[in-house]
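Thanks for making time this morning. I would like to walk you through one structure, starting from a single residue and then moving on to a sheet and the pockets.

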Amino acid sequence: MSRIDQLIGAMTLSEKLGQLTMTAAPYAVTGPFVAGDLSEGIKSGTIGNLLNLYGPEIVARTQRLAVEESRLGIPLLIGLDVIHGHRTLFPVPLAEAAMFDAALWTETAHAAAREAAADGVTMTFAPMCDVCRDPRWGRIVEGPGEDPFVGAAIAAAKVAGFQGKNLDGIAACAKHFAAYGAVMAGREYASTDISARTLHEVHLASFAAAVAAGVAAIMPAFTELDGVPMTANRELLQGYLRGQLGFEGVIISDYNAIAELMRHGVAADLAEAAALALNAGVDIDMMAEAYGDGLPVALERRLVTMDQIDAAVRRVLRLKERLGLFDDPYRSAGAESAADLAKRRVLARDAGAKSMVLLKNEKDVLPLTKPRRIALIGPLADAAQEMRGPWAAAAPLTGCATVLEGLRAALPDAEIEYALGVAIDGGAAEEAGGIAIAAALCDGADVIILCVGEAANMSGEAASRAHPHLPGQQQRLCDAIFEKAGGRPVITILFSGRPLIVPALVEKSAALLAAWFPGSEAGNAIVDLITGKVSPSGCTPVSWPRATGQIPVFFGERNGGRPINPADHYTSKYLDSENSPLFVFGDGLGYGRFAFSNLKLSATTLARSGTLAASVDVANEGGHTAEETVFLFCHDRLASVTRPLLELKGFAKITLAAGARGTVTLALKGTDLCFPGADLAPLFEPGEVEIFLGPAADRTRLVGATIRLVAD
Ligand code: BGC
């Protein structure tokens, strides 16, 4: 008999339910309830898993309670939101998406997993796979941005990075399944009501990719989808995840989500809530005490069976076994050295620089050439804590390099004068003087660097914003600085967890760098870019709207029957705004200047089982070595269901010295061109498809050709 069978045979109901329970320790606060002393629960076996605990000593002490003092000695799973690093912080996930670099996505996850494992963590609640087209939603910062192909690529890379080979890293948990990114009006925890087509075309691909990559766990979203809360969504959890995708791992509820089924209005009491969740396929109850308290009653009422409970326990124990916890419950706790941490900082600086997106660089004002006197202005210029971004539990509050520190380190001979100007979201009184003091610094400066944007806690969970603009009085500060600057260039560094709606800032800045929240090496990475040590290479993974009223604006729109035509009033447009976003998916400048030509296809026909190679010549006509991202899009103009105007099917990078040229080749498989047919099953439909290669989701900058899809 296997170890797991023996254990299940020996377990009482309460011990079984303990394995299906995950309780928060008071070391990081990620939800509304904080538990007290958990020792008795662990020793009695009623708590089988913990979240929000880290640190080698405390984890070892706690694990010892389970292993040495509980009747069956089953080790605990220890979960934590290791979202974009652990002790060392890498850029927030939306920023990492802008890197378009699968190897680097994996590398930062691997580094985070090693640090977290050294702190006793065995599971991260990441990657967050929610595609989102609404910058009002604060959690857009945690995900891949607007595109499902990018979502899938990141999900696969991150699962590989966190878990390593055969789960020798930490267990990953893909979340929040599914369509959480489509919450109504971008308002956190609101309902989701989307078509089945949108669900299949946009929101499921990243989870399918996580499953294909062997993800250990999946977390359903807090939200309901078309009237069915995801925590109780049998059709999607059992039918799609377990049935269609063959997912055999653990499904963990979100924080208190099972009890919230009562508030959703689908369960009358905790027993019904627990039964709905278990029947839908949820194995572990995070923080609702619904399984411990509700399942015994649900069993009595015959709402669930012991076999179902055993199956869930088996999945949890199998995960613990695969993680090696039965043989070494303390795993690599304590294994990190100071040298390891130093290496991570180098990686954080590299990733930081690669994640930032240069949105404007008028007259090549960047890179800076030996500035003598710099006026550094704004509430984010020396804000170490904000550089962390949301979800940074284990990183020290003061551990991130600021722009001020970065400038001082890189330009020891320059005179750097700094003023806060206004607080990030402060009241009016303090600012009057602050703005004048900051504006006065402009006199005599040869360059002005403005550091503005959001505080870290303005994005992330429970951080929706109806007005995703510059918060507080910062626009006033910017206006005063632009006025005072006269002809001197203003370089704006914009910090945010989302695309902000800042058309005036874009218009008046000579250069604008979207820095997002870059993590531990923020200031150094920014200075690497603005001094030209590194050429910017990030591309925005999400469209930047011109106005809130355009949301959602994204490149994968459909043509419709009356596409915009300025000459015709009765076409799809606004009376008071352009249709296009201010910056489109893929936008991002560097210090090179790239021209695309000579699109070549290895074949003009493609069968479902076939592959073709699409290549394009890229020339760097600028004066600096730089990296360019090449995207491959397609458009199926005539199909049995309408298709988006552009669909992303691939991307690749090329680095070219000034004046150099090269060729980028991307593979396109026939199966990549399947789409959900009228019945939502994958359909490969013979006919013509346009293929485009180029730097961004903008037809005017792409080179294209047509291929014909043919039957096998
Ligand atoms: C969040 C999850 C997170 C969990 C545990 C919840 O509030 O929605 O993303 O993993 O807390 O911290």
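Glu690 lies in strand β25, residues 687-694, where a strand is a DSSP run of E of at least two residues, a helix is a run of H or I of at least four, and both are numbered from the N terminus. This is a predicted model, in which local features need pLDDT of at least 70 and side-chain atom pairs count only at pLDDT 80 or more, while totals for chains, interfaces and linings use all residues. Residues are numbered from 1 along each chain as its sequence is written, and side-chain values use heavy atoms, with hydrogens and water left out.

Why does Glu690 count as buried? Glu690 has 14% relative accessibility, and buried means under 20% relative accessible area, with exposed over 50% and partly exposed in between, using a 1.4 Å probe and protein chains only. Leaving aside neighbours within four places in sequence, Glu690 is in contact (heavy atoms within 4.5 Å) with Phe633, Cys634, His635, Arg637, Arg699, Ala705 and Thr706.

Let me turn to the sheet. Six strands form an open sheet of mixed pairing, in the order β11-β16-β15-β14-β12-β13, and two strands pair if DSSP finds at least two bridges between them. Its edge strands, each pairing on one side only, are β11 (357-361) and β13 (415-419). Within the sheet, β15 (490-495) and β16 (511-514) run parallel and are joined by four bridges, with Ile491 standing opposite Ala511 in β16. Helix α21, residues 522-530, packs on the sheet by touching β14, β15 and β16, and its direction makes about 145° with that of β15; axes here are lines fitted to C-alpha atoms, for helices over the stretch in contact, and angles run from 0 to 180 degrees between N-to-C directions.

Finally, the pockets. On a 1 Å grid over the protein atoms alone, a pocket is an open set of points where a 1.4 Å probe fits, with protein on both sides within 12 Å along at least five of seven lines, and lining residues have an atom within 4 Å of a point. About 1100 Å³ of space lies in the largest pocket, and of the 38 residues that line this pocket, His200, Glu201, Ala205, Lys649 and Cys674 are the closest to its centre. Helix α8 gives the largest share of that lining, five residues. The second largest pocket holds about 920 Å³ of space, and among its 31 lining residues the closest to the centre are Glu557, Asn579, Ser580, Pro581 and Leu645.

Terms used
Points joined across faces, edges and corners; volume = space filled by probe spheres on them.
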